[in-house]
Amino acid sequence: MEAEALLSAVESGSYGDPGEAMGALAEAVAAINREMVGEPDGIRIRRLVTHLHGAAASVAAQSGASGFSIAVGLPFGVSVRVEWEHR
């Protein structure tokens, strides 16, 4: 499945289990990184990272996370970090 479709599925998904949520988000991040191998298109990167932000925000809210961050580096690579408070 391509990155856009995975991101849409994550963003509209319903997650009660943080592990399931993170698995779906990790799959979407991996798809972005696969699609951007070579000479990535800056406009597409912006669109995917914006979509990733929405998906990460949805996962964080549904799983009770205390926050999340997205990193983009060169040579191209995207990563997402989601944090939960320890209880």
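Glutamate 4 and arginine 47 meet through their side chains in a salt bridge, with 3.1 Å from N to O; a salt bridge is here a side-chain nitrogen of Lys or Arg within 4 Å of a carboxyl oxygen of Asp or Glu. Glutamate 4 lies in helix α1 and arginine 47 in helix α3, so the pair ties together parts that are 43 residues apart in sequence. The model is a predicted one, in which local features need pLDDT of at least 70 and side-chain atom pairs count only at pLDDT 80 or more, while totals for chains, interfaces and linings use all residues. Residues are numbered from 1 along each chain as its sequence is written, and side-chain values use heavy atoms, with hydrogens and water left out. Helices (H or I, at least four residues) and strands (E, at least two) are DSSP runs, numbered from the N terminus.

Buried means under 20% relative accessible area, exposed over 50%, and partly exposed in between, with a 1.4 Å probe and protein chains only. Glutamate 4 also has a polar contact of 2.9 Å, side chain to side chain, with histidine 51. A polar contact is a pair of N or O atoms within 3.5 Å; within protein, one must be able to donate a hydrogen and the other to accept it, and residues adjacent in sequence count only if both atoms are side-chain atoms. With residues up to four places away in sequence not counted, glutamate 4 touches Arg44, Arg47, Leu48 and His51, contact being defined as heavy atoms within 4.5 Å.

The structure holds four salt bridges. Another of them joins arginine 44 to glutamate 35, and here the closest N and O atoms are 2.3 Å apart. Arginine 44 is placed in helix α3 and is buried, with a relative accessible area of 18%; glutamate 35 is partly exposed, at 30%. Apart from residues up to four places away in sequence, arginine 44 touches Glu4, Glu35 and Met36. Salt bridges link Glu4, Glu35, Arg44 and Arg47 in a network. A further salt bridge is found between the side chains of glutamate 83 and arginine 81, at 3.1 Å from N to O. In that pair glutamate 83 is partly exposed, at 39% relative accessibility, and arginine 81 is exposed, at 53%.

In helix α1, the buried residues are Ala3, Glu4, Leu6, Leu7 and Val10. They cover an arc of only 165 degrees around the axis, which puts them on the same side of α1; the arc is that of the directions from the helix axis to the C-beta atoms. These buried residues of α1 pack against α2 and α3.

Helix α2 (residues 18-35) has 18 residues and reaches 26 Å from its first C-alpha to its last, close to the expected 26 Å at 1.5 Å a residue. The expected span is 1.5 Å times one less than the number of residues in the helix. Buried in α2 are Ala21, Ala24, Leu25, Ala28, Val29, Ala31 and Ile32. They cover an arc of only 155 degrees around the axis, which puts them on the same side of α2. The cover over the buried residues of α2 includes α1 (3-12), α3 (42-63) and β2 (77-83).

Strand β1 (residues 67-73) pairs with β2 in the antiparallel sense over seven bridges, where pairing requires that DSSP finds at least two bridges between two strands. The two strands form a hairpin with three residues between them, and valine 72 stands opposite valine 78 in β2. In a regular strand the side chains alternate between the two faces of the sheet.

Valine 78, in strand β2, counts as buried at 6% relative accessibility. Beyond its neighbours within four places in sequence, valine 78 is in contact with Val29, Ile32, Asn33, Val49, Leu52, Ile70, Ala71 and Val72. Valine 78 and alanine 30 are 48 residues apart in sequence and 8.3 Å apart in space, C-alpha to C-alpha.
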